[in-house]
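Subject: Structure for you, with notes on the domain interface and salt bridges

Hello,

Here is the structure for your files. My notes follow below it.

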Amino acid sequence: MWNAPSADSAWGIATTGSSEAVLLAGLAFKHRWLLMHTYQPQTNMNVIIGDNAHLCVRKFADYFDVEARAVPVNEQSGFVFDVDQLRDKLDRNTIGVFLTLGSTYTGHFDPVERVCKILDEFELQTGHNIPVHVDAASGGFIAPFTSGNERFLWDFRLRRVASINTSGHKFGLTPLCVGWLLWRDKSHIPKSLLRESSYLRGTQTAFTLSFSRSAMPITAQYFNFYSKGMNGYRAHVNDSLIKAQVLSERLESTGYFTCLSDIHRKARRSKTMCDSHARESDSFNPGLPIVVFRLLPDVKKRHADLTLSVISDVLYDMNISIPSFTLSGWGFNGEDIEVMRIVVREESTADEMANILRHLLDAVKRLASKDVECVQHI
């Protein structure tokens with residue numbers, strides 16, 4: 001699924017969720033760097049993250065005394081990790097780079113291959129080998145099942161990718177919370193972090209933040225792997241992506257919204273496809289089946305008091321919950337961007353999507369008409 005060089009050498013664990021997996025991947029980075037730099041002071045270690053990184057990545061840095069150096073993610077960078085600003089962040093104390101495959105905020109996949117090339121060049125110049133961890137909490141169960149995965153390299157096909165994590169309860173279809181963390185080989189995990197126990201029948205090797213955990217989510221994940229197989233997951237992913245693409249196009253066709261997420265746009269082009277039939281996933285930009293959108297600038301000019309937060313509140317009164325949030329400083333000129341986000345799942349029906357769109361438009365028109373009435377009254 002993630003193209004490990006060898007099934008025999010790859011090593012992994014189940015975790016409570018992706019947050020624990022990220023913390024453990026960071027610990028492996030830190031302790032591996034310490035083993036390789038025993039001759040110098042064990043201070044000033046840093047890790048490179050994107051502004052789109054999940055909060056748990058910053059938790060790792062804060063909790064384990066590592067400086068987090070953030071690379072901008074904004075409209076200018078296409079809402080992904082800005083590769084052009086990576087080189088200036090690197091030094092000999094950089095223990096690793098965290099990249100995101102499936103941003104929580106916009107659904108984009110970071111350019112893992114391009115980052116690895118920069119790190120390759122840095123190693124040639126300095127001799128310093130910096131590994132990459134891919135936080136694929138959501139994308140780890142999306143990217144492998146798209147035909148575009150052959151051209152979009154992000155996993156263990158890139159030798160610099162040391163570890164990958166994902167969440168079974170997001171797009172892995174498990175009903176219970178479970179995370180998965182896999183290293184390309186055991187050499188990336190210092191032995192000092194591994195703990196063995198033998199009082200539960202046999203000897204077990206563990207690398208976790210907790211000890212006991214339920215086997216139910218692991219069993220559920222195994223059942224899905226066994227019953228669905230690659231073809232079942234592929235059908236699930238493509239169905240979800242198509243629904244998200246169609247919803248994105250219909251939102252933009254209203255004349256009120258534009259999407260930050262771009263899975264509905266043709267790869268290497270910005271043209272929006274209008275024909276929802278006979279789609280091929282590799283023809284479109286990679287990303288999660290989520291729809292992240294904002295009001296068009298012209299709409300905001302005409303209706304100054306119309307905000308997505310107000311629209312979200314109106315929808316909530318209609319028993320439809322679509323969260324709104326602000327991407328602080330992510331605009332092209334550093335301005336804030338207010339967005340709404342819809343996560344599309346396989347079980348989402350065409351009727352549900354149409355109902356959401358209908359209520360969304362109704363809320364906008366009602367608020368816009370009230371705005372006009374207020375202006376006329378003044």
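About 2,100 Å² is buried between domain 1 and domain 2, and carbon and sulfur atoms give 61% of that area. Buried area here is the accessible area (1.4 Å probe) that two parts lose on being put together, summed over both.

Some ground rules before the rest. This is a predicted model, in which local features need pLDDT of at least 70 and side-chain atom pairs count only at pLDDT 80 or more, while totals for chains, interfaces and linings use all residues. Residues are numbered from 1 along each chain as its sequence is written, and side-chain values use heavy atoms, with hydrogens and water left out.

The two domains

Domain 1 covers 11-218 and domain 2 covers 240-374. These bounds come from an automatic or database domain assignment. The C-alpha centres of the two domains are 30 Å apart. At the interface, 26 residues of domain 1 are in contact with 28 residues of domain 2. Contact means heavy atoms within 4.5 Å.

Between the domains, 10 residue pairs are in polar contact, both residues at pLDDT 80 or more. The side of domain 1 that touches domain 2 has 7 nonpolar, 15 polar and 4 charged residues. For the classes, Ala, Val, Leu, Ile, Met, Phe, Trp, Tyr, Cys and Pro count as nonpolar, Asp, Glu, Lys and Arg as charged, and the others, Gly among them, as polar. A polar contact is a pair of N or O atoms within 3.5 Å; within protein, one must be able to donate a hydrogen and the other to accept it, and residues adjacent in sequence count only if both atoms are side-chain atoms.

Salt bridges

The whole structure has 13 salt bridges. The rule asks for a side-chain nitrogen of Lys or Arg within 4 Å of a carboxyl oxygen of Asp or Glu.

How many salt bridges cross the interface of domain 1 and domain 2? The count is 1. Glu-75 and Arg-294 form a salt bridge, at 2.8 Å from N to O. Arg-294 sits in strand β11 (residues 290-295), and Glu-75 in the loop between β3 (67-71) and β4 (94-100), 219 residues away. Helices (H or I, at least four residues) and strands (E, at least two) are DSSP runs, numbered from the N terminus. Glu-75 is partly exposed, because its relative accessibility is 23%. The classes are buried under 20% relative accessible area, exposed over 50%, and partly exposed in between (1.4 Å probe, protein chains only).

Arg-160 and Glu-123 pair at 2.5 Å, N to O, in another salt bridge. Arg-160 is in the loop between β5 (132-135) and β6 (161-167), and Glu-123 is in helix α3 (residues 112-126), 37 residues apart. Arg-160 counts as buried at 4%. Glu-123 is partly exposed at 23%.

Asp-362 is partly exposed at 36%, as is Arg-366 at 39%.

Asp-185 lies in the loop between β7 (179-183) and β8 (195-197). At 22% relative accessibility, Asp-185 is partly exposed. Leaving aside residues up to four places away in sequence, Asp-185 touches Ser-9 and Ala-10. Asp-185 and Ala-162 are 23 residues apart in sequence, with 7.9 Å between their C-alpha atoms.

Best wishes
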